[in-house]
Amino acid sequence: MTDAAQFSPLPPWPDYGLTDDLLPTLQRWSADGKNAALATLVSITGSSPRPLGSEMAICEDGEVQGYVSGGCVEAAVRAEALECLKDGQPRTLDYGAGSPVLDIQLTCGGRIGIFVRPIPDLATHVAVRIAARDSRRPLTLVTDLDSGSMTFRDGVRPAEQEAGRFFRPYLPPLRLVLAGGDPVTLAILNLSTIMGLETILIRPYGPPEPPPGLHPARYLRGNLEAALPTLPLDRWTAVYSLTHDAHSDLMLTAHALKSDAFCVSILGSRRKIPGRLEALKAAGVPAEAFGRLHLPAGLEIGAHAPMEIALSILAQMIAKQPQ
């Protein structure tokens, strides 16, 4: 193992902080036969730029992904993690107001605790998480804050500390089912790609290929009614219909509201809402499902251009996502 002092400093622009989903990085390191440590934000007093449970992965070669503060402590966390990989011992790091580390204070004025431990079997850790992700099954990682041992449990538990353990949930990635072929649809595809969303694009009787330069996870272009039973709609899936065809919009929306999809919407003006609600009731949508219907599509941000409307729609989706 190379001494921590020999590693280059973190990049001047913290692009590692754009990564919230650490699994692809851990998978890459595992495939390369490398060792890694995991740093988790386990306590917050006062303010913090990152929520409880935020994570940072540190490779034995010094590479990092993810972040646990606003950039105030990441270099120190990496140094501690590299030492952790050397001696195999977990450690709790205490930074901010009132902490013993006087040279690292947080601009938000708060105090945070970060638990750092080596991942003893990175390949198994990755395999368990990939299996859960592939089956769209939530997991909770339970970490003993004394020994650093980690175990997975099925199901969701909020990120919290209890009885010397920290519980960190891993939910299936958000999925977006998007129907349409207009400029707003293209804008949403552009932004959803940047955000790392799994997007299924539907364009009934559309072109043979998806839009140039855009790569939805699936592209369905045939008969909409035939496509509906093939759609994987779980509680981490949002459905937005932008077909500008009343029959298609209502067919997809009614189907989605009868599923577990957490957010369902149609692009259009407010004056169409009463008629759409009546049509959905007539289609047999149960009354309790209307709480997941958000009309019209998008938050009110004064959006007019396609990219602005796309931003408002994805913001609405994020605001409604299950926790």
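**Exercise 1.** Leaving aside its neighbours within four places in sequence, with which residues is threonine 253 in contact? Determine also whether threonine 253 is buried or exposed.

*Solution.* The structure is a predicted model.

Step 1. Locate the residue: threonine 253 belongs to helix 6, which covers residues 246-257.

Step 2. List the contacts. With neighbours within four places in sequence set aside, threonine 253 is in contact with Ser241, Val264, Ser265, Ile266, Leu280 and Leu293.

Step 3. Examine the side chain. One of its polar atoms lies 2.7 Å from the backbone oxygen of aspartate 249.

Step 4. Classify the residue. The relative accessible area of threonine 253 is 1%, and buried means under 20%; threonine 253 is therefore buried.

**Exercise 2.** Describe the largest cavity: its volume, its lining and the classes of its residues.

*Solution.* 

Step 1. Count: the structure holds one cavity of 30 Å³ or more. The largest cavity contains about 80 Å³ of space.

Step 2. Identify the lining, which consists of Leu23, Arg129, Ala132, Arg133, Arg137, Leu139, Tyr170, Leu171 and Pro172. Helix 3 (residues 122-134) gives the most to this lining, with three residues.

Step 3. Sort the residues by class: six are nonpolar, none is polar and three are charged.

**Exercise 3.** Describe the largest pocket and the second largest pocket.

*Solution.* 

Step 1. Take the largest pocket, with about 1,600 Å³ of space. It is lined by 44 residues, of which Asp20, Asp21, Arg168, Leu171 and Gln321 are the closest to its centre. The lining of the largest pocket divides into 22 nonpolar, 10 polar and 12 charged residues.

Step 2. Take the second largest pocket, with about 210 Å³ of space. Among its 13 lining residues, Ala297, Leu299, Glu300, Ala303 and Ser312 are the closest to its centre. By class, the lining of the second largest pocket has seven nonpolar, four polar and two charged residues.

Note on methods: Residues are numbered from 1 along each chain as its sequence is written. This is a predicted model: local features need pLDDT of at least 70, side-chain atom pairs count only at pLDDT 80 or more; totals for chains, interfaces and linings use all residues. Side-chain values use heavy atoms; hydrogens and water are left out. On a 1 Å grid over the protein atoms alone, a cavity is a set of points where a 1.4 Å probe fits but cannot get out, and a pocket is an open set with protein on both sides within 12 Å along at least five of seven lines; lining residues have an atom within 4 Å of a point. Grid points are joined across faces, edges and corners, and a volume is the space filled by probe spheres set on the points. Helices (H or I, at least four residues) and strands (E, at least two) are DSSP runs, numbered from the N terminus. Ala, Val, Leu, Ile, Met, Phe, Trp, Tyr, Cys and Pro count as nonpolar, Asp, Glu, Lys and Arg as charged, and the others, Gly among them, as polar. Buried means under 20% relative accessible area, exposed over 50%, partly exposed in between (1.4 Å probe, protein chains only). A polar contact is a pair of N or O atoms within 3.5 Å; within protein, one must be able to donate a hydrogen and the other to accept it, and residues adjacent in sequence count only if both atoms are side-chain atoms. Contact means heavy atoms within 4.5 Å.
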